[in-house]
Amino acid sequence: MSISLLLEMAASTNPDRTVVVSGDLRLTADELSSLADGGAGAIAASGASHVAYVGMGGALLPLLLFSSARAGLPVTPLNYRLSADGLKELIDRLPQPLVIADADYLDMVAGAGKQVVSSDEFLASARTAEPAAEFPDPEDIGVVLFTSGTTSRPKAVELTHNNLTSYITGTVEFDSAEPGDAALICVPPYHIAGVSAALSNLYAGRKMVYLPQFDAKEWVRLVQHEGVTTATVVPTMLDRIISELESTQTTLPTLRSLAYGGSKVPLPLVRKALDLLPEVGFVNAYGLTETSSTIAVLGPDDHRTALASSDEAVLRRLGSVGQPVPGIEVQIRSEDGTVLGPGETGELWVRGEQVSGRYAEIGSVLDAEGWFPTKDVAMLDEDGYLFIGGRADDTIIRGGENIAPAEIEDVLVEHPAVRDCAVVGPEDPQWGQIIVAVVVPADHLDGPPDPEELRQFVRAQLRGSRTPDRVVFRDELPTNATGKVLRRELIAELQAAN
């Protein structure tokens, strides 16, 4: 099945339903389909072999996804936050690309020796070009996304039409939304969450309201103005939204579902959000680029049950990412490949139709039985709830002992003087690595808390070898657009300061 078919189904079922709101632009399903046909014609006429997009998204993302599919070409939304050199390096890795760029980024991609057109020019040509409509083979590559590359050269993840549509049809019921349902989308277009949001909400029949540049006040205004019923945010966004709601005493009567993901959300923030929005169903979604988005979900009932439970095992589930979605199998494996049982920690491996595990220039990294190594440290409990302990690469080896930063972070963030924290392991001549806790103090404090008090707080709950060697303070943690803490940046700062 091609992603082209998702739009065809939406347009044939509810042609007059508004499906995209992006600034002043509003498109019905039929209008989006017509534009995608014209966009496909413009792409085909360019003679390109690939489509690249540099911009903040909005209506351009679903339009380019479906235009490219109907032209039979892959599309790659690129990280507009990169430098001009960084963008050109990634563009050079794409075969004969047509580069479409928002006005603010045209200068950054000009002179790359590629075909470059502005987003406005592409939109205009989509309205007038001779339509084209091709249905690619399900095994053709539909989308290529570059990983963040914070620690190494970005990998180009290849997602086939089958990968993407398997995820959508396996997790979303077609045309299941109520006529007035609306989804607020503020995740970046170059992230798998942005791609999957465009496909899944269209398939469900929800109006997609785009907020390309996140601002908590504008997010709240759009929820109220557009009658938003569902939204997806990353941890930093959730933090700012909750602060905005607390300070303004604003309510969100239409909001029924709020999904969060991208990276781990501190449990105190989750509990505060649940208390502040008792009528909202919260969803913790965990996935990877290589898996076409979500592979595990902690649903609304799980959140409320865990929050209210006095059973320690049930209460602990609030810190999990829930259970696998339909069609996904999971295993926890030790370093020697042995499949581990409940309660044992190892590396998470996943398998399913939506899992790609394939990279341009590298090929597939699936094992002989189709399992993908996520490189995430994980554990399954007795009831099949999945707990993610961070990236394997982030493990601190202090004096020969492996220490997962998440283990310490989960304790430290519960201290009333801590708003957020990240634990990293800079190099040390004596221990190999040491444990440094980088702490963002709570808002109500006049100054930083006592470092020794925080160290003793951790020591009281974990083994002494888990006690931070140092505690340092920052006003905020460096994160990428999806809320992942840039740990390498913290380590570089700490090592430069020594």
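Is Arg 487 buried or exposed? Arg 487 is buried, with a relative accessible area of 18%. Buried means under 20% relative accessible area, exposed over 50%, and partly exposed in between (1.4 Å probe, protein chains only).

This is a predicted model, in which local features need pLDDT of at least 70, side-chain atom pairs count only at pLDDT 80 or more, and totals for chains, interfaces and linings use all residues. Residues are numbered from 1 along each chain as its sequence is written, and side-chain values use heavy atoms, with hydrogens and water left out.

**Salt bridges**

- The count comes to 28 salt bridges (a side-chain nitrogen of Lys or Arg within 4 Å of a carboxyl oxygen of Asp or Glu).
- Arg 487 pairs with Asp 394 in a salt bridge, with the closest N and O atoms 3.5 Å apart. Asp 394 sits in the loop between β21 and β22 (396-398) and Arg 487 in helix α16 (residues 487-497), so the bridge ties together parts 93 residues apart in sequence. Helices (H or I, at least four residues) and strands (E, at least two) are DSSP runs, numbered from the N terminus.
- Lys 217 and Glu 244 form a salt bridge at 3.6 Å, N to O. The pair links helix α9 to helix α10 (residues 235-248), across 27 residues. Lys 217 is exposed at 56% relative accessible area, whereas Glu 244 is buried at 12%.
- Arg 463 meets Glu 401 in a salt bridge of 2.9 Å, N to O. Arg 463 lies in the loop between α15 (451-459) and β28 (470-473), and Glu 401 in strand β23 (residues 401-403), 62 residues apart. Glu 401 is partly exposed, at 25%.
- Shared partners join Glu 401, Glu 407, Arg 463 and Arg 466 into one salt-bridge network.

**Loop residue Pro 212**

- Pro 212 lies in the loop between β10 (207-210) and α9 (216-225). Pro 212 is partly exposed, at 34% relative accessibility.
- Beyond neighbours within four places in sequence, Pro 212 is in contact (heavy atoms within 4.5 Å) with Met 56, Gly 58 and Tyr 80.
- Pro 212 and Gly 299 are 87 residues apart in sequence and 26 Å apart, C-alpha to C-alpha.

**Strand residue Gly 390**

- Gly 390 belongs to strand β21 (residues 386-391). Its relative accessibility of 27% makes Gly 390 partly exposed.
- Leaving aside neighbours within four places in sequence, Gly 390 touches Lys 375, Asp 376 and Val 377.
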